[in-house]
Amino acid sequence: VKKAKTAKDSNTHGLTKCRVLLAELEAHPDAWPFLTPVNQKAVPGYRKVIKKPMDLSTIREKLTNNQYLNLETFIADVNLIFDNCEKFNEDDSEIGRGGHSMRRFFDKRWTELLD
Ligand SMILES: Oc1ccc2c(c1)N[C@H](O)CC2
């Protein structure tokens, strides 16, 4: 007998998917530029150019502090990492290529995890 889906249920399942996806992103070989916040003191231009910095450790902290309402708000923060990367890096650079590679990986994985 199918259990009625409460708001809590779908949120719980959404959060489980966030945990799975974040663990896979953190373990990805191309994740190293995205693991921790960019050191804005050490990188000229970053603070001015990138209005909303984001990285995987910040997402991990927000997930731990229950700051994601659902899978959608989590996906928005992950996409912010890749959009910042495209803005600041040439496509034809090591970090630029890594950002594209991880975005392709993430897009494939979250769509596979959809209900
Ligand atoms: O050459 C460099 C040096 C530092 C960074 C980048 C490239 N790209 C990162 O997105 C931000 C930090």
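Across the protein chain the pLDDT averages 95, and 99% of the residues score at least 70. Where pLDDT is low, the predicted coordinates should not be read in detail. For the complex as a whole, the predictor gives an ipTM of 0.97 together with a pTM of 0.93.

Turning to the overall build, the protein chain contains five helices and zero strands, so that, read along the sequence, its pattern is α-α-α-α-α. Taken along the principal axes, the box that its C-alpha atoms fill is roughly 60 × 25 × 20 Å.

How the helices are set against one another can be followed through α4, which spans residues 71-88. Helix α3, made of residues 56-64, packs with α4 at an angle of about 165°, and the axes of the two lie 10 Å apart. Because an angle over 145 degrees counts as roughly antiparallel, α3 is roughly antiparallel to α4, and the crossing in which α3 passes α4 is right-handed.

Helix α5, covering residues 94-113, also packs with α4, here at an angle of about 155° and with the axes 8 Å apart. By that cut-off of 145 degrees, α4 and α5 are therefore roughly antiparallel to each other as well, although the crossing of α4 and α5 is left-handed.

The last feature to consider is the empty space in the protein. Rolling a probe the size of a water molecule over the atoms shows where such space is left. The largest pocket holds about 280 Å³ of space, and of the 17 residues that line this pocket, Pro33, Phe34, Val38, Tyr46 and Ile95 are the closest to its centre.

Key
Residues numbered from 1 in each chain as written. Predicted model: local features only at pLDDT ≥ 70, side-chain atom pairs only at ≥ 80, totals over all residues. Heavy atoms only, no water. 1 Å grid on protein atoms, 1.4 Å probe; cavity = no way out; pocket = protein on both sides within 12 Å on 5 of 7 lines; lining within 4 Å. Points joined across faces, edges and corners; volume = space filled by probe spheres on them. Helix = DSSP H or I, 4+ residues; strand = E, 2+ residues; numbered from the N terminus. pLDDT = per-residue confidence, 0-100. Axes fitted to C-alpha atoms, helices over the stretch in contact; angles between N-to-C directions. Parallel < 35°, antiparallel > 145°, perpendicular 65-115°, else oblique. Left-handed = near helix turned anticlockwise from the far one by under 90°.
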